[in-house]
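User: I have a structure open and would like to go through it step by step. Can you help me read it?

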Amino acid sequence: MSQVIQDKVIDEKLEWSRINADVIASMQSPRRAYWVALAVCIAMLFCAVAAEIYQYKYGMGSAGLNNPHMWDMYIATFVFWIGMSHAGTLLSAILHIIHAQWRKPIYRFAEAMTTFSLMTAGIFPMIHLGRVWNLYWVLPYVSDRGIWPNFRSPLVWDAFAISTYLSSSALFLFIGMIPDMAILRDHTTGWRKKFYGILCLGWRGDDRQWRNFRRTYMLLACFLIPLAISVHSIVSSDFAMSIMPGWHITTFPPYFVAGALYSGCAAIMTLFVALRYFFRMEEYMTLNIMEKTCKLTFAIAMVWTYLNLIEFAATWYGHNIYDKELLIDKATGPYAAVFWTMIFCGMVVPFTLCFQKLRRHMPSMLVVSILLNLGMYVERWMIVAPTLAMSHQPHQWDVLWGTVIQWAIVFGSFGWFGLLFLIFVKLFPCVSMYEVKELCFHLKHEIEEEEHEKQHAAKAKAGATAGGGASPAGNPGLEGA
Amino acid sequence: MSNHRLLAMFKDFDDAFEVVDKIKGKALSSVEIDDVTMMSPIEHPDIDEKLGDRPSNIAYFTLMGAIFGVTFGFFFLAAAQASFLVQPQGGKPVIALPTNFVLMYEMLIFFAVWTTVITFLGMSGLLSRRGTLYSEKLTVDEIGLVVEVSDGDLESVKSFFKENRALEIREEKV
């Protein structure tokens with residue numbers, strides 16, 4: 001079997017009209033599991049809303065936030081969601097630039113994941129502030145006392161970086177959807193036709209539009225890659241620019257970026273399995289694509305593992321007693337169970353991705369991807385909590401496991417994300433129809449070309465055999481070549 | 001003067017490109033290749049080669065947006081920091097370049113991205129009222145060629161398209 005056929009991620013014989021019909025039908029009638037998932041997400045969100053109302057009424061003490069635990073789980077969850085947002089846009093942009101064809105059926109929901117993760121992440125600093133009505137203080141405007149925010153603070157950088165990333169990612173997602181909106185405009189009726197008619201902005205698919213579209217998409221991809229890296233580097237600066245043990249680490253920015261990509265890839269795997277089932281997308285979200293996603297996740301997991309070990313080694317061999325004690329305490333102290341969960345889920349579980357049978361077994365991949373993300377969540381917690389619990393001053397040492405209010409809000413954030421995501425995939429195609437058509441088109445041509453070359457080679461061989469095995473005149477090295 | 005616009009629909013890119021090649025070979029004296037617009041459900045990789053060089057200048061605007069972003073970023077931050085002149089800085093610079101670079105970088109990207117998108121909308125003719133010459137099959141699997149012709153050439157161009165396996169021909173008055 002040729003390499004092209006072996007590597008193909010989708011059936012190239014899929015008719016274009018069928019691609020339209022399948023995707024539109026999937027949006028209109030998902031499996032019942034979709035509605036169950038939606039109901040679960042709404043219930044989870046209600047938990048968070050109730051907890052937030054309680055916290056708003058009774059103050060931050062109900063969340064257990066007090067000296068030394070000023071940050072804790074809310075900020076860990078904020079970092080987790082920011083991290084989750086990275087894989088979508090970043091991987092979509094990188095894979096687009098390097099012309100990785102297999103991204104085409106899955107990049108849409110990955111980009112949507114980015115946007116909704118950022119929207120979820122953005123809520124946590126507000127919740128964490130307590131006084132949510134003073135949120136606007138972070139905006140760079142001159143107040144009546146003539147005071148601006150401190151532009152030297154990484155917290156202000158966060159506000160700039162996240163808002164830039166959110167708007168750019170949303171634009172990247174939207175621009176990539178325009179040709180699909182036109183398909184939906186042309187092939188739906190009623191309110192949907194009007195809705196998609198507005199969103200497609202009058203797209204007609206002429207050569208000028210395609211040319212500008214391609215250029216714009218590439219430019220946006222080029223900007224989004226450094227932007228995504230800068231955003232998570234800036235988030236890591238929230239910690240690394242302090243002098244707290246366990247935070248003041250040079251490798252934090254690449255460590256955060258690798259962790260972000262890792263958790264994002266794991267989330268893509270989870271959503272891949274879910275959407276494939278909810279929307280009957282077996283023909284589009286194929287096992288070959290899952291395999292490639294798994295391999296990518298494994299590679300990133302190894303980078304993350306390496307950076308983690310580097311951090312441990314630097315702490316162990318660097319002669320900073322506070323850092324070293326903290327590391328020992330993480331592994332043996334009150335947070336040891338969490339620490340070893342992180343090690344197991346983040347460093348050991350990814351090795352299951354080495355087995356092809358597992359990579360092609362969707363229920364297993366669902367479990368593995370959830371375990372990977374559990375590992376990445378507790379990794380964030382292990383960054384924030386132990387440092388606050390066991391910093392420089394022993395009289396301040398205090399272990400906090402989070403109150404019910406904190407847990408409910410964190411739990412509910414998954415409901416909020418899930419709700420936004422599920423509404424999105426019901427309203428918009430989770431598989432990019434025009435890109436799948438492009439994929440089929442290119443694949444078909446590649447296979448045809450390869451067959452043509454094979455036939456040509458066979459003819460040449462037959463000709464050479466008929467000629468007594470001698471190389472044709474003027475082409476002496478043909479057989480050897 | 002061209003007062004009719006024709007849309008000829010073809011089964012696939014091969015048929016459409018064959019017609020484009022014939023137009024380039026002056027098979028139709030009244031139609032120049034620069035006046036031909038191709039409409040398709042996907043972008044064909046050889047479309048630039050077939051239709052000729054039709055540059056897209058979006059990148060220049062992106063560059064301008066980026067330069068504006070970084071310049072605006074610097075002056076915005078510097079102006080805000082300069083308003084702290086009256087306050088004691090403890091030996092630190094009033095306008096701290098290393099930390100400002102981070103935000104200038106973010107503003108560079110912010111303005112570059114928005115400029116790119118706005119330019120794309122403008123240059124692609126999106127959001128503008130266009131003619132009604134369109135077929136819903138263009139978002140399924142058929143390829144369309146749009147040409148502008150005068151009254152006198154209308155029938156000859158139509159018959160040319162029919163001879164070259166056009167599945168359907170639509171027209172509108174300009």
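User: What does the secondary structure of chain B come to?
Analyst: Chain B has five helices and four strands; helices (H or I, at least four residues) and strands (E, at least two) are DSSP runs, numbered from the N terminus. This is a predicted model, where local features need pLDDT of at least 70, side-chain atom pairs count only at pLDDT 80 or more, and totals for chains, interfaces and linings use all residues. Residues are numbered from 1 along each chain as its sequence is written, while chains are lettered from A and ligands numbered from 1 in the order in which they are written.

User: And in what order do the elements of chain B run?
Analyst: From the N terminus on, the order is β-α-β-α-α-α-β-α-β.

User: Is chain B spread out or compact?
Analyst: Chain B is more spread out than a compact globule, because its radius of gyration is 26 Å, well over the 16 Å that the globule rule gives for 174 residues. The radius is taken over C-alpha atoms, and the rule is 2.2 Å times the number of residues to the power 0.38. Along its principal axes, the C-alpha trace of chain B spans about 85 × 30 × 30 Å.

User: What domains does the assignment give for chain B?
Analyst: Domain 1 covers 4–55 + 130–173 and domain 2 covers 58–123, with bounds from an automatic or database domain assignment. The C-alpha centres of these two domains of chain B lie 46 Å apart.

User: New topic. How many residues of chain B are in contact with chain A?
Analyst: 46 residues of chain B are in contact with 44 residues of chain A, where contact means C-beta atoms, placed from the backbone, within 7 Å.

User: Which element of chain B gives the most to that side?
Analyst: α4(B) does, with 15 residues.

User: Is Thr119(B) buried or exposed?
Analyst: Thr119(B) lies in helix α4 of chain B, and it counts as buried because it has 23 C-beta neighbours inside 10 Å. A residue is buried if 20 or more other C-beta atoms lie within 10 Å of its own, exposed if 12 or fewer, and partly exposed in between, with C-beta atoms placed from the backbone.

User: What is Thr119(B) in contact with, leaving aside neighbours within four places in sequence?
Analyst: Thr119(B) is in contact with Ile58(B) and Phe61(B).

User: Over in chain A, how many residues of α4(A) are buried?
Analyst: 23 of the 25 residues of α4(A) are buried, so this helix is largely enclosed by the rest of the structure.

Notes: Two residues are in contact if their C-beta atoms, placed from the backbone, lie within 7 Å.
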